[in-house]
Amino acid sequence: MNLHLLCGFPILYTNIDPNSYDKEKIVDTITNNYKKQNVRQNWSTSAYETNIHHSAGDESNKKFTFPNYDKLTKTYIKPLQEYKKFIGLKKDIGFDLCIANYTCSSHKSFMEPHIHFECEFSMIHYLKFDQSQHAPTIFLNPYESWEWWSRTLKNKINCEKTHQAWVYSELSYPTKEDDLIIFPSMFRHFVNNKPSKDPRITVASNITLIKDQRTSEDKKLNV
Ligand SMILES: [Fe+2]
């Protein structure tokens with residue numbers, strides 16, 4: 001479990017054991033939804049022309065099957081507990097996790113730069129990801145006016161360490177299948193998908209800070 005700061009943001013980077021939940025079932029459900037309609041986009045209203053297959057804002061659409069995430073949420077408990085310690089969460093504050101949506105794509109597609117609203121932290125789980133075919137999530141340097149500075153600095157500073165991330169305007173991880181990342185929800189990010197033989201599938205979750213520990217409901221987990 002790798003905990004570090006990226007441009008000052010607390011990040012947890014780890015991987016989830018694919019045998020610890022019903023991965024195949026979830027992947028099949030999502031892949032079948034994708035086959036029904038490559039572009040499922042009821043989320044963006046901007047001019048970016050986001051054209052991914054994305055369940056956000058379209059969960060009630062009966063054309064598609066809603067994946068059962070019950071077993072998956074349990075695999076997130078340990079990383080969430082570690083992240084809580086890392087950020088120094090006060091004892092009377094808890095995490096309320098909600099699996100927010102999935103994305104699936106094997107066509108050339110774009111998910112526009114965005115932050116996650118109405119939550120404090122977010123999580124991306126890469127259920128299907130092949131480094132040779134798929135594009136990683138790109139995080140944008142949160143500091144302003146980095147385009148010029150990054151061009152002049154990145155050839156002059158050894159940027160092998162994550163603490164040198166401030167030099168770059170765009171940041172990404174060498175993503176592998178089953179990786180999981182937790183980050184503050186205001187860390188803006190986007191995905192520029194390449195055409196691929198196999199689908200790239202991610203599940204995104206949002207974490208809200210709550211005062212007390214509530215019992216679990218559908219798709220929600222208190223840690
Ligand atoms: Fe996102």
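Modeller: A residue counts as buried if 20 or more other C-beta atoms lie within 10 Å of its own, and as exposed if 12 or fewer do. The model under discussion is predicted.

Biologist: Which residues form the uncovered face of β10?

Modeller: In a regular strand the side chains alternate between the two faces of the sheet. In β10, the covered face consists of H189, V191 and N193. The uncovered face is made up of F190 and N192.

Biologist: Which residue of β10 is the bridge partner of I138?

Modeller: β10 (residues 189–193) pairs with β5 over four bridges, and H114 stands opposite H189. Strand β7 (residues 138–140) pairs with β10 in the antiparallel sense over two bridges. The partner of I138 in β10 is F190.

Biologist: Which element gives the most residues to the largest nonpolar core?

Modeller: This core has 20 residues, of which I11, I181, I182, F183 and I207 touch the most other members. Elements giving two or more residues to the core are β2 (9–15), α3 (77–87), β4 (94–105), β6 (121–128) and β9 (179–184). With four residues, the element that gives the most is β9.

Biologist: Which residues does I182 touch, leaving aside those up to four places away in sequence?

Modeller: I182 is one of the residues that touch the most other members of the largest core. With that exclusion, the residues in contact with I182 are I11, L12, P79, Y83, F121 and M123.

Notes. Residues numbered from 1 in each chain as written. Predicted model: local features only at pLDDT ≥ 70, side-chain atom pairs only at ≥ 80, totals over all residues. Pairing = 2+ DSSP bridges. Core = buried A, V, L, I, M, F, W, Y, C linked by C-beta atoms within 7 Å. Contact = placed C-beta atoms within 7 Å.
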